[in-house]
Amino acid sequence: MLGRLILAGLLMLPAAYPAVPAPAAHFGHPIGADRKLLDWEKVVSYFNALPKASDRIVVKEIGKSSEGRPMIAAFISSAATIKNLDKYREIQQRLADPRKTTLQQAQEFVANGKAVVMITCSIHATEVASTHTAVEFAYRLLTEDKPKFRAILDNTIFILVPSLNPDGVDIVTKWYRYTLGSQWEGTAPPELYQKYIGHDNNRDWYIFSQAETQNVVKQLHNVWHPQIVYDVHQQGAYASRIFFPPWLDPIDPNIDPIIAQECNSFGAGMATDLTASGRKGVAINAIYDFWNPSRHYQAYHGGLRLLSESASANLATPIEVKPSQIQTRALGYNPRERSWNHLEPWLGGKWTLRDIIDDQEVAFESCLYQAAMRREDLLRNFYEVGRRAVARMSPYAWVIPFEQNDMGASTQMLATLDFGQVEIEKASEAFEAGGKQYGKGSYVIRAQQPYSSWAKTLLEKQDYPDLRQYPGGPPKQPYDVTAQTLPMLMGVKVDVITTPFTAKLERASVFPFVPDKQRASGVMPSTDTDIWRVLPALWGNSPGVFRDTSTGDFYVQPPEGKQMKLLTRPNISIFKSSVPSMDEGWTRWLLEKFGFAFGSMDFGDINENRTGSARVIIFPDQSPRTIAEGYQGDSMPPAYRGGLGKGDQLKEYLERGATLVFFNHATDYAIDALGLKVKNVVKGLSNREFYSPGSILNCKLDTRHELALGLPESIHVWSEGSPAWDVPEGAGTVVARYPEQGILASGWLLGEKYLAGKAAVVDIPVGKGHVVLFGMRPQYRAQSYQTFKLLFNSFLLGKY
């Protein structure tokens, strides 16, 4: 309501700030107006205009987005603080590492420092409101003179990121304007709203695969070490109006209890302020857990990670919600009923973009004012969390032996940890630890460092609790996934050392974080030749790659019993459904970053035989119905509808020698469309019987098969409701099989008995070609380096 009064000109603004541009004048309409979205260029130009009118803000570009748009951060505080940002950044860095700061020095820093609060907006671009809120709230903070705002400016450094996904802002705005006035007004665009990974862009906070994530972590998190990071989101339209922490169980035990308790306190405070402002439908302790680090970088780096989820309109189009449309069940509460964590239900009415902005502005102010009032507590606790981390003795350290099957994966894992500010040391001579000998060049990560919790959660096995909706009932669904053990996903040997040891160690030099220019050591050539572009799967100690010096050609030492043959570049295409698929985007990212040339094809290209020279077609994870039919009914304009149908043309490609590669649930389409004689043994099982909600499983490979080239016999695979098969004799070759017992490696798994001895990867010859079924996403979120190799090897089936 306050925002509306300001925009209407009913409140007098201090004469001291006449030059601060009003949003309505800059954008040509009031913020929050129905059916009005923003262009990113206009958002950037607005923020760049603010420092010209106020000495309480500076705006910095922190890098470019995946499509080259500028990413910006606004620093807002008192004029005196803005003049001395370097001083306060130094205080933050000293408090972040208790090894460099005595207790007496810390007390001085606590007394003189500022609480650093970072609010990040619209990482999910269809959740449009928060970028609008950022614009209006920045204006208010710079122009309104009221006690709460003065306290915020005097006691905090407010880092405001108007969007973590600038590309998505423009993608959604463009589509919204295109559909205005049509029956499709307010729909999501028929493309990913981030170049590669769409909605998964807030699942990238520990693998750092995307430019946007790298920019924010490198330029903001790792420099300013915020005490609070508040990420602003939207949810569906038919439950609560807004959610705040406390989080649901489980909470990752590697998150310091101080941080978890502060999240409880601040989230409840924000809920209190929303309720006091007269807003209904405020929920806490519901829906969202605090388990997986892919969404919670700062929680392992000394600070709070807060979240709000506002009910959505149809982008900027108002909706009318009938009481009967309000859900009767949500995780942790009933949206229609009063409960301790949902005290005043909202039971229907008109809901607009302006409503969302009003709620978010109250939340912004509440978060910042609480931080201002508890400035010293936040700084003191921030330092104490670091003290507890550097005192860790269990475990004592992790050792990464120098000798690895895949040196490229080992280097990438170390680079990922290094980017997250984990300190890594290298042995200059052999040493003994935990009763085992390690050679010169082995790496050591000691737990006595500020971010050892970050290292621990990424390096250790996850034991996700068996949580049920009621005793003996179905499982409680995790908000995201249950495992993230990087050594398993990447195929890197890491040993946990529980007792102190002595070794001659020196800080390892900074690892180059360049996933698109990986290089291996040893058997690979050092020049940028086609071999790099053809078969990165051969990284590691074996098999060897050989060059004929007389011709310049490259050859591979094949599996036993196969003849050595010349490697040739595979012609690869990725199937791009009419319905955007994050898995398709992750596949594009993977092939680009590893240097494969490839194309994309849609259902029309396949059905009308416009596949060109493609001999490998990848079908990313998607439901069979979506592959076959695309969008349902008239939910999209006619130009965006359609699907592959029964897949008759695929059989012709196989007869001509093509290789068709199917991921995860897309395999069900392949089985039906191609009449394959394998059976998905978990299809149709209830989640009480079989449940694999993002887990890492043990698998055995047939190392004689070409798909297993360069891999050990025992590997780990990613499983997320994934299929497994019975393969009758003669129906195909099982390349990867689950063991009879001990299948779960990390995370949570119900119904292990259904997977015992079943196939996880199958190669099925059809005609002159091959069908490869992956009962997994082999390129899972840029993390599963071991199964990258299985995928890459599939490109060369029959070429050895």
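Analyst: What follows describes the cavity, then the sheet, and then a cysteine.

The model is a predicted one, in which local features need pLDDT of at least 70 and side-chain atom pairs count only at pLDDT 80 or more, while totals for chains, interfaces and linings use all residues. Residues are numbered from 1 along each chain as its sequence is written, and side-chain values use heavy atoms, with hydrogens and water left out.

A search of the whole structure finds seven cavities of 30 Å³ or more, a cavity being a set of points on a 1 Å grid over the protein atoms alone where a 1.4 Å probe fits but cannot get out. The largest cavity holds about 110 Å³ of space, where a volume is the space filled by probe spheres set on the grid points, which are joined across faces, edges and corners. It is lined by 13 residues, of which Trp205, His221, Val229, Arg295 and Arg305 are the closest to its centre; lining residues have an atom within 4 Å of a point. By class, the lining has six nonpolar, four polar and three charged residues, with Ala, Val, Leu, Ile, Met, Phe, Trp, Tyr, Cys and Pro counted as nonpolar, Asp, Glu, Lys and Arg as charged, and the others, Gly among them, as polar.

The elements that give two or more residues to this lining are β3 (115-121), α10 (211-224) and β5 (228-235); helices (H or I, at least four residues) and strands (E, at least two) are DSSP runs, numbered from the N terminus.

Both β3 and β5 belong to an open sheet of eight strands with mixed pairing, in the order β1-β2-β4-β3-β5-β10-β6-β8, and two strands pair if DSSP finds at least two bridges between them. At the edges stand β1 (57-64) and β8 (282-284), each with a single partner strand, so one side of each has no neighbour in the sheet. β5 pairs with β10 (residues 304-311) in the parallel sense over eight bridges, and within this pairing Tyr230 has Leu306 of β10 as its bridge partner.

As for cysteines, the count of disulfides, meaning pairs of cysteine sulfur atoms within 2.5 Å, comes to zero. Cys121 is thus in no disulfide, and the nearest cysteine sulfur, that of Cys367, is 12 Å away. Cys121 counts as buried because its relative accessibility is 0%, where buried means under 20% relative accessible area, exposed over 50% and partly exposed in between (1.4 Å probe, protein chains only).

How values were computed:
On a 1 Å grid over the protein atoms alone, a cavity is a set of points where a 1.4 Å probe fits but cannot get out, and a pocket is an open set with protein on both sides within 12 Å along at least five of seven lines; lining residues have an atom within 4 Å of a point.
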